[in-house]
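Reader: I would like to learn how to read the salt bridges, the surface and the helix packing of a model such as this one. Could we take them one at a time?

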Amino acid sequence: LGTHPSAMPGRTLREGFDFVAQGEGPATVVGVLEVLRDGPNFGDVSGLHYRGFLGSKLGGGMIDCVTQPAPNIADLDAELPGQAWELLDMTRYLAHNWHLWTGDPVGGYASVQTSLGCPFKCSFCCINAPFTAGGARPQLRKWSPDNVALQINELVEKHGITNIKIPDEMFVLDPQHVRDICNRLLGLRLGDRLNMWAYARVDTVKDDSLLELMRRAGFRWLGVGVESGSKHVRDGVEKGRFGNEQIADAIGRVRNHGICVGANYIFGLPDDTRESCAETLALACELNTEWANFYCAMAYPGSALHRQ
């Protein structure tokens, strides 16, 4: 279950697994569990790759079986309304590393998803592999702001958790959705208690009023993908059409609103040279963000880079 199996289901199955879910997964997992409980009719479970047995008349042996693709979940609020926090000992989940620089160490830690998928096509990214398995186009589906705010409120009020990660591949994308979530958190009087972080792009943090609202609502960190100091290298992986001046301006705008930045950089992209890698390091030193992640380019299954 996940991006790698969705991108390479047949190979994953042959590498030693009994079942591989291709697609989002929840409905496929439930279907497999129901068949295991009630009867062996795996062919009716959508989005499933599994090992089937050939009868003796055909010579016996095992074959790879594939069912029809599983449709993406249409109504996230209805079908995936929230996390089953009550099944976990939430006291065992702790905030860590740089996230704690702005938060309460005893405030626990949790992750709340507000959307699935991403409309962008960065060639090094594999995030859309599960969401396009049935031929669907890349898109962003969202939980409602009311749902998100109530989940966060439950974490704070029932579990005392104030350090929260928004793991969406692209949280700061739909300004109205972000505003609605922030306003609901402020309506619940949670802004001063929260220490949240989320992902954004250089070209999605242009609105000062939105950044000011996010800061009041409890967002203390944004992870921003800079990737490379070379525009030529960035263009080669379809990472936005912006230059280094726009990057510096965006990072400065975020920090001016009291939000820390964790910048992400990649070395070894297809057009990289020793000189462009040096440009990336120089840009990272110039921006001098509160935190920086330096990655080696990886050709993840499901990404255009892997196919290339």
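Reader: Which side chain does R253 meet in a salt bridge?

Author: Before turning to the pair, please keep in mind that this is a predicted model. Side chains of opposite charge can pair when their charged atoms come close. Here the side chain of R253 meets that of D249, with 3.1 Å from N to O. The two residues are four apart in helix α9, and they are therefore separated by about one helical turn.

Reader: Are R253 and D249 buried or exposed, or something in between?

Author: R253 counts as buried because its relative accessibility is 18%, under the 20% cut-off, whereas D249, at 42%, counts as partly exposed.

Reader: Where does R255 find its partner, and how far apart in sequence are the parts that the pair ties together?

Author: R255 forms a salt bridge with E290, and the closest N and O atoms are 3.2 Å apart. Since R255 lies in helix α9 and E290 in the loop between α10 (274-287) and β11 (291-296), this pair ties together parts that are 35 residues apart in sequence. R255 is partly exposed, with a relative accessible area of 30%, and E290 is likewise partly exposed, at 29%.

Reader: How many salt bridges does a search of the whole structure find, and which residues are linked in a network?

Author: The search finds 17 salt bridges, and R14, R51 and D64 are linked in a network of them. Another pair is K239 with E227, whose closest N and O atoms are 3.5 Å apart. K239 lies in the loop between α8 (231-236) and α9 (244-256) and E227 in strand β9 (residues 219-227), so the pair ties together parts that are 12 residues apart in sequence. K239 is buried, with a relative accessible area of 6%, and E227, at 6% relative accessibility, counts as buried too.

Reader: Finally, at what angle do helix α5 and helix α6 pack?

Author: Helix α5 (residues 145-159) and helix α6 (residues 175-187) pack at about 40°, with their axes 9 Å apart. The two helices are therefore oblique to each other, and their crossing is right-handed.

Methods. Residues are numbered from 1 along each chain as its sequence is written. This is a predicted model: local features need pLDDT of at least 70, side-chain atom pairs count only at pLDDT 80 or more; totals for chains, interfaces and linings use all residues. Side-chain values use heavy atoms; hydrogens and water are left out. Axes are lines fitted to C-alpha atoms, for helices over the stretch in contact, and angles run from 0 to 180 degrees between N-to-C directions. Angles under 35 degrees count as roughly parallel, over 145 as roughly antiparallel, 65 to 115 as roughly perpendicular and the rest as oblique. A crossing is left-handed if the near helix is turned anticlockwise from the far one by less than a right angle, and right-handed if clockwise. A salt bridge is a side-chain nitrogen of Lys or Arg within 4 Å of a carboxyl oxygen of Asp or Glu. Buried means under 20% relative accessible area, exposed over 50%, partly exposed in between (1.4 Å probe, protein chains only).
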